[in-house]
Amino acid sequence: MARDRALAILPPLLIVGLLLAVWQLYANLSGIGNDVLPAPSRVLSVSWDNRGDNTLPTLRATLLGFALAIAVGFALAVLVDSSAALRRALMPVLVSTQTLPIVAIAPLMVIWFGFGLTPKVLLVALVTFFPITVSFAEGFASSDPGAEALLRSMGASRARIFRSVRFPSALPFFFAGLRIAITYAVVAAIFAEYAGASEGLGIYMQNAKNSFRTDLVLAAVMVSALLTLALFALTYLVERVAIPWYRLSRKSGP
């Protein structure tokens, strides 16, 4: 099992290592300046030398906004699932929220709610709730009609059918949507900080850019990428704990 996991991550690690080696060689041999394209070794060095507290505010806004997105997404999915009329009324509105350009919404959030935590949390929730809503709604719709009919014939209430059949059926879909949404969450938090903040990776990138410190900008980009990868991997861990039967059923399938 451990050997299979190691073999699975080996190809992407080799590709990343090859790209970093090419980048390092080009930066060293081309004579290009550090203000244009610093070598990966320099980016790692300045990342360590300038480590500080800017990651934690971004992580806090990301997690709080994501938690809000899950709560709102679940509530909206239940509404959409409860009525075909509500589904036809709500889905176009939900889709339209995803057409709003984040580069325009982020400054508005800061204008409306100030430079504190609130605009960052709201922007993360706005960007990430839609995949969660859709995945939950599709998961509810995928439940086994036979199992629902059986419970209904035994006198089960609608709430009991939802807890016993529809909600468990939706969980694999939910985690799939969760992984899509988490890839946008950190970016949304950084955009909100970029628009206006006193701390966080976004304002750190902006200050580094204004100082023409490309190495610091790339260091912050690297940290945000690693943060996103860590949260993405965490969704698999939570899935294994929350629905262990799903992983076993996939292994035992054809």
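Residues are numbered from 1 along each chain as its sequence is written, and side-chain values use heavy atoms, with hydrogens and water left out. Because the model is predicted, local features need pLDDT of at least 70 and side-chain atom pairs count only at pLDDT 80 or more, whereas totals for chains, interfaces and linings use all residues.

**Overall architecture**

The chain has eleven helices and zero strands; helices (H or I, at least four residues) and strands (E, at least two) are DSSP runs, numbered from the N terminus. Its C-alpha atoms fill a box of roughly 75 × 50 × 25 Å along the principal axes. Of the 254 residues, 33% are buried, where buried means under 20% relative accessible area, exposed over 50% and partly exposed in between (1.4 Å probe, protein chains only). The accessible surface comes to about 14,500 Å², and carbon and sulfur atoms account for 70% of that area; such areas come from the Shrake-Rupley method with a 1.4 Å probe, and for residues only the protein chains shown count as cover. Among contacts (heavy atoms within 4.5 Å) between residues at least 6 apart in sequence, 72% join residues at least 24 apart.

**Nonpolar cores**

In soluble globular proteins, nonpolar side chains tend to be buried together. A nonpolar core is here a set of buried Ala, Val, Leu, Ile, Met, Phe, Trp, Tyr and Cys residues joined through side-chain atoms within 4.5 Å. The largest has 40 residues, and those with the most contacts inside it are Phe66, Ile132, Phe136, Phe140, Phe174 and Leu178. Helices α2, α3, α6 (118–141), α8 (158–195), α9 (201–210) and α10 each supply at least two residues of this core, with α8 giving the most, 13 residues. A second, separate core of five residues includes Ile105, Ala106, Met109 and Leu123. Within the largest core, Phe136 is in contact with Phe74, Ala77, Phe167, Ala170 and Phe174, neighbours within four places in sequence being left aside.

**Packing of α2 against α10**

Helix α2 (residues 40–49) and helix α10 (residues 214–242) pack at an angle of about 80°, their axes 9 Å apart. Axes are lines fitted to C-alpha atoms, for helices over the stretch in contact, and angles run from 0 to 180 degrees between N-to-C directions. The pair is therefore roughly perpendicular, a class that covers 65 to 115 degrees, while angles under 35 count as roughly parallel, over 145 as roughly antiparallel and the rest as oblique. Arg42, Val43, Leu44, Val46 and Ser47 of α2 meet Asp215, Leu216, Leu218, Ala219 and Met222 of α10. These residues divide into seven nonpolar, one polar and two charged; Ala, Val, Leu, Ile, Met, Phe, Trp, Tyr, Cys and Pro count as nonpolar, Asp, Glu, Lys and Arg as charged, and the others, Gly among them, as polar.

**Individual residues**

| Residue | Relative accessible area | Class |
|---|---|---|
| Threonine 62 | 0% | buried |
| Leucine 122 | 27% | partly exposed |
| Phenylalanine 212 | 68% | exposed |

Threonine 62 is found in helix α3 (residues 55–82). Beyond its neighbours within four places in sequence, threonine 62 is in contact with Val124, Ala185, Val186, Ala189 and Leu231. Leucine 122 lies in helix α6 and touches Leu68, Met109 and Phe113, not counting residues up to four places away in sequence. Leucine 122 and threonine 62 are 60 residues apart in sequence and 9.8 Å apart in space, C-alpha to C-alpha. Phenylalanine 212, in the loop between α9 and α10, has a positive phi of about 60° although it is not a glycine.
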